[in-house]
Amino acid sequence: VDIGTEENPIQVLFVPSVDAGVIVSGGEVMAAALEEATGLKYEVSVPTSYAATVEAMCASPEDTIGFIPALGYVLANQKCGVDVGAAAVRFGWPVYWAQYLVPRDSDAQSIEDLAGKKWAVPDLGSTSGYLYPSVAFQDAGIEVGEVVEAGGHPQAALAVYNGEVDFATTYFSPPLTDPRWQPGDDPEPYDFMEVALNEEGRTFAGDVRVLDARTAVIETAPDVFQKVRILELTDAIPNDTMSFSPDFPEELRGQILDALVEFTASEACLESICGDQFYSWTGLDPIEDSAYDPVRKLITILGYTEEDIFGG
């Protein structure tokens, strides 16, 4: 079958992780750039859920590209052989971390001190907000107390800020420092008293740009950095993927990947997947399937099924 024609456009699917309207308009910008670069036709859609995105990729094995997070990718790969092409890069990293947040004045020194404590998570399907920390607790033999679903990363951070829970887990992106932050460095290499929003609505401490989940609530809680600190970080988590359906033609893959890498380096990308309201990507890096093995381990340890993750 010829794909990428008017009659048979390549399907481009995005999971509904941010506003669907933003995804559709941004997706169209990307499709137009890809069409120009490759001469092929694309059709953008946003399935109703993570599960529906995986279903659609498996149902259309020859002509589908999906922008799916690590966990969804691993399940799609298990289910029908969906294959990763590249991982999102944000500020130079193809990975991100989860952070354990505690009150600034908490006497907790390590995650062992969180045993029996009340825990806010963004939601039980969140890779960084719940799955990675759960596995870390299991590995360390730590039993926490009550788990509260806060409804998102900002809400989980606010639950600590407001004293509703003892700790929370949310995403961590490294601060932009010179020389560059490295895994193992202090996650807060700045004066927390100085953290504030600038005119552009970005969070800085002196000349260090701060990017972790607390920045999402600094407008409502300007002193969140003074009240809430990072206890420690989890292992690195691979970023969202750009994946191909199982029988996608090999010769088109390279062409499309090259065009996408070029697109993420362009101005137009800010109207699309690079925008702050969209996925905040700053690039795309080829990645091997084996980079997702830690996620597979996590699914095994937790005994997760597709139903648990996607709601069945």
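Does C269 count as buried or exposed at 0% relative accessibility? At that value, C269 counts as buried, where buried means under 20% relative accessible area, exposed means over 50%, and partly exposed lies in between (1.4 Å probe, protein chains only).

The views below come from a predicted model, in which local features need pLDDT of at least 70, side-chain atom pairs count only at pLDDT 80 or more, and totals for chains, interfaces and linings use all residues. Residues are numbered from 1 along each chain as its sequence is written, and side-chain values use heavy atoms, with hydrogens and water left out.

**View A. Let's start with the whole set: the structure holds two disulfides.** A disulfide here is a pair of cysteine sulfur atoms within 2.5 Å. If you number the bonded cysteines of the chain in sequence order, they pair as 1-2, 3-4.

**View B. Here C58 meets C80 in a disulfide, with an S to S distance of 2.1 Å.** This pair links distant parts of the chain, 22 residues apart: C58 sits in helix α2 (residues 50–59) and C80 in helix α3 (residues 70–80). Helices are DSSP runs (H or I, at least four residues), numbered from the N terminus. The torsion about the S-S bond of C58 and C80 is about -80 degrees, so this disulfide is left-handed. C58 is buried, at 19% relative accessible area, whereas C80 is partly exposed, at 23%.

**View C. Next, C269 and C274 are joined by a disulfide, S to S 2.0 Å.** Its S-S torsion is about 75 degrees, so the disulfide of C269 and C274 is right-handed. C274, with 9% relative accessibility, counts as buried.

Technical notes
Helices (H or I, at least four residues) and strands (E, at least two) are DSSP runs, numbered from the N terminus.
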